[in-house]
Amino acid sequence: MVSTLDKGCFLVNGNTIIPDDQNAAGELNAKGVNISRDEARENTIAYGILKAHNTSGNMDKLCVKFDKLTSHDITYVGIIQTARASGLEKFPIPYVLTNCHNSLCAVGGTINEDDHMFGLTAAQKYGGIYVPPHQAVIHQFAREMLATGGGMILGSDSHTRYGALGTMAIGEGGPELVKQLLGQTYDVDMPGVVAIYLEGTPKKGVGPQDVALAIIGKVFGDGYVKNKVMEFVGPGVKNLSADFRIGVDVMTTETTCLSSIWQTDDTIKEFYDIHGRVGEYKELKPGNVAYYDGLVKVDLNSVNPMIAMPFHPSNVYEIDEVNKNAADILADVEKRAKVSFGDKVEFSLQEKIKDGKLLVDQGIIAGCAGGGFENICAAADILKGHFIGNDRFTLSVYPASTPIFMEVVKNGAAAAILESGAILKTAFCGPCFGAGDTPANNAFSIRHSTRNFPNREGSKVQSGQVASVALMDARSIAATAANKGVLTPATDFDGEFNKYKYHFDSTIYQNRVFDSKGKADPSVELQLGPNIKDWPQMVELTDNVLLKVVSEIHDPVTTTDELIPSGETSSYRSNPLGLAEFTLSRKDPEYVGRAKEVYAEEKKRREDTPFDQMNQEIADAVKTVLKDFPEVNNKNTGIGSTIFAVKPGDGSAREQAASCQKVLGGWANIANEYATKRYRSNLINWGMLPFIIDGEELPFKNGDYIFLPGIRESVKNKDENIKAFVVSQDGLKEFSLKLGNLTDDERQIILDGCLINYNRVK
């Protein structure tokens with residue numbers, strides 16, 4: 001179904017794979033090809049796009065300027081506030097502010113709508129584009145209105161992926177968008193490029209989520225494509241519709257890749273034509289001989305309906321396998337739950353098995369992954385003439401944009417869905433991150449959305465409530481709904497899928513979306529609600545730092561949802577201190593209190609309080625440090641907190657996973673590795689030291705103090721190994737940390753204390 005090559009390879013004429021082994025030169029010569037590996041690297045689609053957007057003149061060290069930016073309503077306020085603090089006067093490139101996350105304005109009173117009004121006035125003042133709530137989810141609007149062949153888009157949402165349309169798109173934390181707004185660049189080493197070689201044709205009933213989950217299940221665990229570009233090529237591409245390709249593409253984020261790009265053809269040209277933008281189409285394909293750093297081969301013929309069981313998109317099975325071995329697989333899920341929840345909640349899924357069948361409580365088809373036109377029409381075909389019943393099972397369907405909603409109303413798909421007992425709702429990302437359709441305690445929900453992390457759907461483990469989400473394709477969700485909640489693969493559907501023609505009506509946006517056409521109006525005053533707060537003052541990195549470990553997490557992976565929960569916290573995304581109260585609340589509820597205690601002493605230091613007049617812990621720790629480092633004083637040594645996690649940062653691009661730690665006095669993270677580049681970038685942009693520590697045995701534990709002598713000089717001097725000491729009653733115990741590769745600008749951001757300070761200094 002899906003296999004990987006354990007080495008790089010050459011791709012000849014787009015369809016012949018030659019592994020990079022001892023036979024490669026001979027096979028290339030036999031085809032009349034004489035090309036070096038480095039020359040062939042330049043023939044990937046990704047290389048060409050990156051070269052066109054690189055400003056450094058060095059393709060090993062990229063400094064990228066993007067064509068367009070996009071954000072939604074739980075990220076754009078912080079981005080614009082940060083850019084304003086650094087002198088923003090006008091958006092230098094098209095910047096779209098969509099409103100698809102905080103659409104439920106009843107949550108938190110007027111707070112969310114205040115953010116929307118901030119967004120509208122910001123688009124007017126600085127020359128942007130504003131998409132009102134319920135019109136479109138961020139990524140569907142970008143597909144319909146922003147994507148361009150050979151272009152690049154940066155978005156403050158991790159699922160910023162438009163590769164199927166020929167646009168290399170990257171999801172990052174807000175500070176990276178701030179840099180673009182201020183004329184700076186996105187700096188990254190040239191990423192590896194991995195070929196995703198498609199062959200064959202999907203069988204009836206198999207949809208894009210099935211293919212995506214099959215790929216994720218294969219490559220996530222070993223990091224095969226981590227921080228690389230996934231380039232979709234091969235003869236199978238032409239057998240997929242534009243919507244199908246888009247549905248696979250958006251899920252590439254869950255592999256931890258950096259970005260994605262696809263070869264394009266007349267199918268994609270037709271997509272642009274339908275959307276009135278055929279001039280934006282560009283044919284993209286690899287050169288006659290292209291070199292890839294790896295290869296994932298996907299046999300589309302053999303992909304079956306898939307399900308990602310809780311609590312990760314990589315926990316993948318075939319639906320038929322789950323139905324055959326439900327008890328064993330559910331028992332495994334319960335074991336995984338213990339890792340995340342411990343004994344905090346009672347959690348069991350065995351009761352979902354009734355008469356040998358697995359019963360589901362809820363179905364959701366929504367957002368940038370599930371809410372596409374073809375997904376909804378296919379679901380309607382399966383549901384037609386069936387009824388979801390009047391028991392526990394519910395089904396909600398969210399078209400990804402109002403133009404899609406209008407079209408399914410016109411072609412009758414909406415009627416088939418509503419007649420089945422399902423509910424059709426407006427464009428909204430909420431179900432994907434816990435702000436809508438939160439299931440009941442111990443419920444089991446199947447969703448064509450992007451993620452199924454613990455608690456992401458909105459349950460609150462700290463209150464003893466937990467639910468489970470599994471990811472599936474819209475087609476199999478509809479088949480399950482037609483079977484009144486009994487888990488059912490869409491390949492069991494014996495009817496026919498109709499061929500629906502899509503007609504895009506652009507007047508919907510013309511009549512409702514504010515588009516400045518790039519013209520700023522400085523006379524507009526930003527509308528600031530009482531919950532929109534400025535970032536608190538942050539200080540530069542001191543010569544030395546005394547850190548207290550305030551949380552220690554040994555889960556294999558820690559998601560951004562666990563670092564700062566989504567859902568109900570979204571209303572506070574424009575209030576740094578208010579949001580920070582939720583930091584690690586579902587993983588380590590004691591974290592906030594511990595961090596605040598440390599930060600209170602740091603505030604005293606900034607007011608020139610001597611160490612020996614601080615709390616006894618600090619006074620004792622400094623007393624021990626002074627025995628070996630007598631030059632330490634409250635002028636040259638800062639006090640901060642840090643967390644340890646094995647592999648933090650999987651998931652969302654949300655900068656708040658880092659900034660919330662910062663505003664509580666966090667000065668570092670320590671990890672065995674970082675799950676994604678974007679989380680590490682968020683740490684750096686908020687002036688936090690992204691330490692790496694080797695080995696499973698830690699020299700410190702939660703509650704210990706760590707002293708970093710000369711840390712400022714170490715950052716300046718690009719020291720590979722950072723000297724650190726665990727502070728105890730017995731003295732100082734030395735160990736080593738690393739910072740990994742940092743650009744000169746990233747080092748300066750850390751030295752200055754955060755990106756805001758860096759830009760202020762500049």
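**Helix H25 and its end**

I began at the residue after helix H25: Gly687 follows H25 and has a positive phi, near 75°. Helices here are DSSP runs of H or I with at least four residues, strands are runs of E with at least two, and both are numbered from the N terminus. The model is a predicted one, in which local features need pLDDT of at least 70, side-chain atom pairs count only at pLDDT 80 or more, and totals for chains, interfaces and linings use all residues. Residues are numbered from 1 along each chain as its sequence is written, and side-chain values use heavy atoms, with hydrogens and water left out.

I then looked up the burial of H25 (residues 677-685) and found that 9 of its 9 residues are buried, so that the helix is mostly covered. Buried means under 20% relative accessible area, exposed over 50%, and partly exposed in between, with a 1.4 Å probe and protein chains only. The buried residues of H25 include Lys677, Arg678 and Arg680 as well as Leu683 and Ile684.

**Aromatic pairs**

I record 21 aromatic pairs, where rings of Phe, Tyr and Trp (its six-membered ring) pair if their centres lie within 6.5 Å; planes under 30 degrees apart count as stacked, over 60 as edge-to-face and the rest as tilted. Tyr674 and Tyr679 form a tilted pair, 6.2 Å from centre to centre with 40° between the planes. Tyr674 is buried at a relative accessible area of 6%, and Tyr679 is buried at 1%.

I also examined Phe91 and Tyr95: their ring centres are 5.0 Å apart and their planes stand at 70°, so the pair is edge-to-face. Both of these residues, Phe91 and Tyr95, are buried. Ring pairs link Phe91, Tyr95 and Tyr126 into a cluster.

**Strand S5 and its partners**

Two strands pair if DSSP finds at least two bridges between them. S5 is also joined by 3 bridges to strand S8 (residues 152-155), again running parallel, and there Leu69 stands opposite Leu154.

In a regular strand the side chains alternate between the two faces of the sheet. In S5 (residues 68-71), I noted that Lys68 and Thr70 point one way and Leu69 and Ser71 the other, and that all are buried.

**Asn99**

I located Asn99 in the loop between strand S6 (95-98) and helix H5 (111-126). Asn99 is buried, with a relative accessible area of 0%. Asn99 touches Asp73, Tyr76, His116, Tyr130, Val131, Pro132, Pro133 and His134, leaving aside residues up to four places away in sequence; contact means heavy atoms within 4.5 Å. From Asn99 to Asp115 I read 16 residues in sequence and 9.2 Å in space, C-alpha to C-alpha.

I traced an open sheet of 5 strands in the order S1-S15-S11-S12-S13, with mixed pairing. Its edge strands are S1 (2-4) and S13 (259-262), each pairing on one side only. Neighbouring strands of this sheet are turned by 20° against each other on average, direction ignored. S1 pairs with S15 (residues 294-299) in the antiparallel sense over 3 bridges, and the bridge partner of Thr4 in S15 is Val296.

Helix H8 (residues 208-219) lies across S1, S11, S12 and S15, at about 35° to S1. Axes are lines fitted to C-alpha atoms, for helices over the stretch in contact, and angles run from 0 to 180 degrees between N-to-C directions.

H8 also packs with helix H9 (residues 242-249) at an angle of about 35°, the axes being 8 Å apart. At this contact, Pro208, Val211, Ala212 and Ile215 in H8 meet Phe244, Gly247 and Val248 in H9.

**Helix H18**

Last, I checked helix H18 (residues 474-482): 9 of its 9 residues are buried, so H18 is largely enclosed by the rest of the structure. Arg475 is among the buried residues of H18. These buried residues pack against H8, H11, S20, H14, S21 and S23. Lys484 follows H18 with a positive phi, near 55°.
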